[in-house]
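Student: I have a model open and want to go through it. Can we take it step by step?
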Amino acid sequence: MGTQTPETPAGSAQTATLVVDGVSHELPLVTGTMGEQAIDISRLRATTGLVTLDEAFGNTASCRSAITYIDGEQGILRYRGIPIEELARNGSSFVETAWLVIFGQLPTQAERDRFSELLTESSALHNDMGKHFDAFPESGHPMAIMNAMINAMSTHTRPRINDEESFLVAAAHLLSKVRTIAAASYKSHKGEPIIYPRRDLKYVENLLHMMFSLPYDDYEPVPEVARALNLFFTLHADHEQNCSTSTVRMVASSDANLYTACSAGVAALWGPLHGGANMATVQMLQRLHDEGTSAADLVAQVKDRSSGVRLMGFGHRVYRNRDPRSVILKEAVDDLLCALDIDDPLLEIALELEDVALHDDYFVERKLYPNVDFYSGILLRAIGIPLNMFTVMFAIGRMPGWIANWREVNMDPSGRIQRPRQVYTGPELVEWVPRELR
Ligand code: SDX
């Protein structure tokens, strides 16, 4: 069996030829907007009896999507065709970026006003929802609480989405309440009173207010802090078929509601190899600082595979060049620390670590560069976000991407429930044995 993918002569049907036991099968080639091509194997099993095996899906497109484009070789990231550098440079707010990612274009003033109104109206939690926080242990991780609380939203109003208006309302509810849930989990963890949202504050400022105000002392964020957190959320808004977004699409494909699907996204994001890496990166930098370990020593440890040590915040399944988000975040960290007159030793360590790694063959050969998580944690530290809330901030930022992907699955008239195949490696046939003979 061999696979020939001849250069497809101009004008011929775009196909790949698969030869199985001497029989040739023509498999159609699908071409994306930017010219990337995929072999469509949707008829493979029916025509050859074969399935493909691609553990961790490194070579498999699970869907067609129009939301985000990444070119890993060039280090390009675009939301609905707009480069993230443009959004950052033009100061697009997270709310504006959320509309772009979810609905496909930047909002008009009227759309922006309607969305803001819905976000403000729906920022408070139902009283019954607030009672859950009394039951969570103070030590409960805020990602576990967010996962539970977003799903609990389905117990109140399972969003009946049968038109654009009901979808807009449900999306605004989720995007607004994820902020309130995050702040409430932080307050519960600290043993402080939960702070209600204010109608006069914008999205990010309201989150900071709910996190850092006290009943007798209102927190007023300086503009640089609000700008930095807006940028952080904007850069996290979507990232094509990453682990958590693929999870949301898988759950959405069973026709599960928006809240439940996004709650599953939170669960997947929590892993240290995914959204938990921003927290793991700062813990790594803090360890270097406290133990006085040099960047060179850590890199040597990482290169010794028996150590099992990975350079957190480095490497990426798709980027084989710099993650464009880390480039922007590195600059934003510098700007924020200067504006707040903070001298964070972890930034110096991160800069040295990046320099040592990028001049080391181990990283160069494997095309391992800083990813979104390498500098993001230092930015959150400067804002005053505690370590155990880092991945929660990532989840808030990624909510528009999850909502957009849920919508894309639900708007696909030919959509089917996702159900991958497998290669079975268990025993062929085993007889049942009574317990006394086992
Ligand atoms: C995010 O998918 C997305 O888009 C995710 C994300 C998003 O926005 O949703 O971008 C967010 O999750 C960013 C990634 C955050 N995770 C980390 O920073 C954790 C550290 N990084 C790695 O564990 C790793 O790079 C992954 C998980 C990110 C990617 O893993 P892959 O693609 O499966 O890479 P791999 O494990 O196959 O590694 C290939 C080689 C291996 O060496 P060899 O076997 O070839 O000798 O590179 C090595 C790996 O050992 N390697 C690393 C490394 N990452 C890969 N070695 C040391 N340190 C690392 N960080």
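Student: What share of the residues of the chain count as buried?
Tutor: This is a predicted model. In the chain, 47% of the 438 residues count as buried.

Student: And how many helices and strands does the chain have?
Tutor: There are 18 helices and seven strands.

Student: What radius of gyration does the chain have, next to that of a compact globule?
Tutor: The chain has 24 Å. A compact globule with 438 residues would be near 22 Å, so the two agree. Along the principal axes, the C-alpha atoms fill a box of roughly 80 × 70 × 55 Å.

Student: Contacts next. Of those between residues at least 6 apart in sequence, what share joins residues at least 24 apart?
Tutor: That share is 69%.

Student: Changing topic: how many aromatic pairs are there?
Tutor: The structure holds 14 aromatic pairs. One of them is Y186 with F212, an edge-to-face pair with 5.8 Å centre to centre and 80° between the planes.

Student: Where in the chain do Y186 and F212 sit?
Tutor: Y186 belongs to helix α7 (residues 164–190) and F212 to helix α8 (residues 203–212). The two are 26 residues apart, and their pair links distant parts of the chain.

Student: Is Y186 buried or exposed?
Tutor: Y186 is buried, because its relative accessible area is 7% and the cut-off for buried is under 20%.

Student: Which residues do ring pairs link into a cluster?
Tutor: W99, F103, F115, F167 and W406.

Student: Last one, charges. How many positive and negative side chains?
Tutor: The chain has 39 positive and 56 negative ones, and the centres of the two sets are 6 Å apart.

Definitions and conventions:
Residues numbered from 1 in each chain as written. Heavy atoms only, no water. Helix = DSSP H or I, 4+ residues; strand = E, 2+ residues; numbered from the N terminus. Rg over C-alpha atoms; globule rule 2.2 N^0.38 Å. Buried < 20%, exposed > 50% of the residue type's maximum accessible area, 1.4 Å probe, protein only. Contact = heavy atoms within 4.5 Å. Lys, Arg positive; Asp, Glu negative; His and termini not counted. Charge placed at Lys NZ, Arg CZ, Asp CG, Glu CD. Phe/Tyr/Trp six-rings, centres within 6.5 Å; stacked < 30°, edge-to-face > 60°.
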